[in-house]
Amino acid sequence: MKLHWSRTAVGRRGFLKGATALGAAASLPGGMATRAAAADDSTLRVRAYGDMQSMDPAYSVGVTDEEIHASVYNKLVQYKPGREWDWQLDAASMVEQVDPTHIKFALRDDIGFTNGFGAMTAEDVKFSFERIVADATESPNKPDMGPLRHVEVTGEREGTIVLNEPFAPLWSIALPYIAGNIVSRAAWSANDGKVTTTPPAESGPYLRASWSPKEKTVLKRNPDWRGEAPAWDNIEILPIDDENTAEIAFEAGELDFTRVSLGSVARYRDGVPNGGALLEYPSLYYAWLGMNLDHPKLQNPKLRAAIQHAIDVPTVLEAAYFGAVEPSTGIIAPGLVGNRAASKIPPEADFTKAAQLLAESGETNVTLKLDTLNKTTFTTAAQVIQATLATIGITVEVNVLESGAFWASAENEDLQLVLNRFSMTPDPYYATAWFTTEQVGHWNWERFSNPEFDQIHQSAFKESDLDKRAALYQRAQDLMEDSGAYRFLTHEATPVVHSSRVMPALRPDGLALLRYFEKG
Amino acid sequence: MTVLKSQSRSSQILRAVLRDRLGMVGLVIVTLVVACALFAPWIVPHDPNAMNIQDRLQGPSLQYLLGTDQLGRDIFSRMLMGAQIALKVALPAVFGAMVIGMLLGMIAGFGPEWLDSLLMLVFDTIRSFPTVMFALAVVALVGPSLNTVILVVMLTSIPTYARVARTQTMSLRSADFVMAARAAGTSSPRILAIHLAPNTVGVLAVLMAMDIPTVVALEAGLSFLGLGVKPPTPSWGALLKDGYALIRQTPWLIVAGGLPIIVTTLGFTFFGEALRDAVDPKVKKGR
């Protein structure tokens, strides 16, 4: 819009009027002033903990990219918002597993790509899925697609996904998550397959209108979208790393939705500003204390057992997570197949038993180093562990590392104890993958190696019987605990707040499904 | 006779510092900080490392003067003990840097030209690294500890002292009393030790007083990044770090971490400036 300025002289009285009005506006609480300006717009403002990295699903780095991809692209199926893990049809009008290795699908006939790249066809599905597993693509998301052999195109909008072997996570990870995004074959080919931060064609209910690095990503309603209309005209996604900052922005009315820190949960339980609400969701992350089984100081199984029994998990969680989380029983969170009802060693410390085990181990003057990230949550947890282990006579030196040095711990041969936390997708296959013998020297920092565990990891993802599959993963976690290399701590939690103008649509782990956000 | 002269000069400097109002304030603060550091183990109301999870994140009270942190530890006690850590890093680091820097600087200024060029090249190379980045790199390589911080500060500060000592030495090496000593057959090491060192140490002492707050801030910065002293050792930077993370739960932590850094920095700066004016009144006149 072009603004036309008229040359009006500003007299003293006029200046004073303007200054008074400005002053009155400035004296409004920040939230009110901002909300007053934004009250009649249809822009949803949400916080992301990181900035967008890639608009190519093959190179997506995770949640921060997926929040955008899930809004501007389509998948055969999407996660269903709610408290239970489930999926719903998206670009597909039909998906049917005809046998353990063949999945038939048919696409809707009303989805098209922008920039003149035409209707979405089965060829686009074939292109999108096969390029994820192609060696030439070198996609970090290749494991998500599992044992995909190829996609057979049987019609313009029909096809069959063919697997080399049964793959249960297809329904929980491959199709509804990062690797399941369908891109335009023609658009990607026109770019020689190289798509970085600008999408050559989109198909979702939103289009990416702009991206200002480290500032914001703006999505706007796709005018050609024929599916159910999204509630918001625009979505602004603001990358804010720090939760304190995000909370202040939310309370000032600058954000409609954000994850908040666990330390603020108690405060928000007493009331959320701007008429909003607090929602508490469980998380899939898992945090644990690991012990390097290859380290000379940790060869004695009774010493490791003594450490397991001496760590009082509830105290660690009270101090480091403000008591807002529950103890975990392993690496698979409640709600997922394979979650254990209880761990073999109770979360509460048993100092008598720990001292007895230490005496039986014959180890004296035990001094160990505990590596941890330089985040307050972890350093706090480490100090509680340090204090509790001191009660049975084990001296712990807390070694705080910045993220670069910490995540290179696989190469640290002197690694002894480590406080760690991994992210997770909603399938147990993703959890056991990092603790196999093959992962020693990569992500398996405890150097845990067990043939039965490896066998379970290799076979459980093929199991279609849910009970049998659950039993296998429960056994896998028993083996981890029996090794003495792990003291499981928590799956953490995902507390989020939203303003009264928004009705969020969230996955069961509290992550946002922006395209389904409604107005409050 | 030399001792009497020295005492008289010291008294003059002290009197000049005390006459300067800001210098006086600085001296009081420095004395308080040093006293806190020296007597902290005896004056802290609580064990600074004793955890009491039930009492975590409490506000100020008679029991806990500045409240408690996320582990229920007394913030006031940790703040007092933090003074000890700050000076434990700052004093040996700055003193070590001054001694080594003075020695190398005098050698560079008095020795042959090739040695001067070589030492200057080394000093300039070290100075070309940004201190914080250099500190982060060293900590990442050898791991965080009190000794690592001292070592990093010492290494990065040596060139500054060396350059000042070199300049002072170069300006004095043609002085009459040095020429006279040379004519009398006095050896170079003896000239450096007896004639040049006493005339250099005063300037470096002023520099040292001015450097202490920088080092305190550097240690706090490293601890703020979680790369300074190891937990549970209380340090002002660690208090700041936890305070920043918990600012919405308890603002007292960040006050307990930030205030002593500000006060100590001001104190040493006021004292250092007054000391500089007293040692070299021409500087004051020139201002």
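Author: Happy to. In H8(B), the residues Gly202(B), Val203(B), Val206(B), Ala209(B), Met210(B), Ile212(B), Pro213(B), Val216(B), Ala217(B) and Ala220(B) meet a set in H10(B): Ile261(B), Thr264(B), Thr265(B), Phe268(B), Thr269(B), Phe271(B), Gly272(B), Leu275(B), Arg276(B) and Val279(B). By class, this contact holds 14 nonpolar, five polar and one charged residue. (Nonpolar covers Ala, Val, Leu, Ile, Met, Phe, Trp, Tyr, Cys and Pro; charged covers Asp, Glu, Lys and Arg; the others, Gly among them, are polar.)

A few words on reading this: the model is predicted, local features need pLDDT of at least 70, and side-chain atom pairs count only at pLDDT 80 or more, while totals for chains, interfaces and linings use all residues. Residues are numbered from 1 along each chain as its sequence is written, and chains are lettered from A and ligands numbered from 1 in the order in which they are written. Helices (H or I, at least four residues) and strands (E, at least two) are DSSP runs numbered from the N terminus, and residues are in contact if their C-beta atoms, placed from the backbone, lie within 7 Å.

How do the two helices lie against each other? H8(B) and H10(B) pack at about 170 degrees, and 8 Å separates their axes. That makes the pair roughly antiparallel, a label for angles over 145 degrees. (Axes are lines fitted to C-alpha atoms, for helices over the stretch in contact, and angles run from 0 to 180 degrees between N-to-C directions.)

Now follow the chain to H9(B), residues 236–245. Nine of its 10 residues are buried, so H9(B) is largely enclosed by the rest of the structure. Here buried means that 20 or more other C-beta atoms lie within 10 Å of a residue's own, with C-beta atoms placed from the backbone. The buried ones are Trp236(B), Gly237(B), Ala238(B), Leu239(B), Leu240(B), Lys241(B), Asp242(B), Gly243(B) and Ala245(B). Their cover includes H8(B) (188–224) and H10(B) (252–279), along with H3(B) (75–110) and, from chain A, H12(A) (376–390).

Stepping back, chain B has 11 helices and zero strands. Its C-alpha trace spans about 75 × 45 × 35 Å along the principal axes, and 45% of its 287 residues are buried. Of the contacts in chain B between residues at least 6 apart in sequence, 70% join residues at least 24 apart.

Strands count as paired if DSSP finds at least two bridges between them. Further in, E15(A) (286–291) and E18(A) (417–422) run antiparallel and are joined by six bridges; there, Met291(A) stands opposite Leu417(A).

Finally, where does this leave chain A as a whole? Its domain assignment, which is automatic or from a database, gives domain 1 (50–204) and domain 2 (286–491). The C-alpha centres of these two domains of chain A lie 35 Å apart.

Definitions and conventions. Buried ≥ 20, exposed ≤ 12 C-beta atoms within 10 Å, placed from the backbone. Contact = placed C-beta atoms within 7 Å. Parallel < 35°, antiparallel > 145°, perpendicular 65-115°, else oblique.
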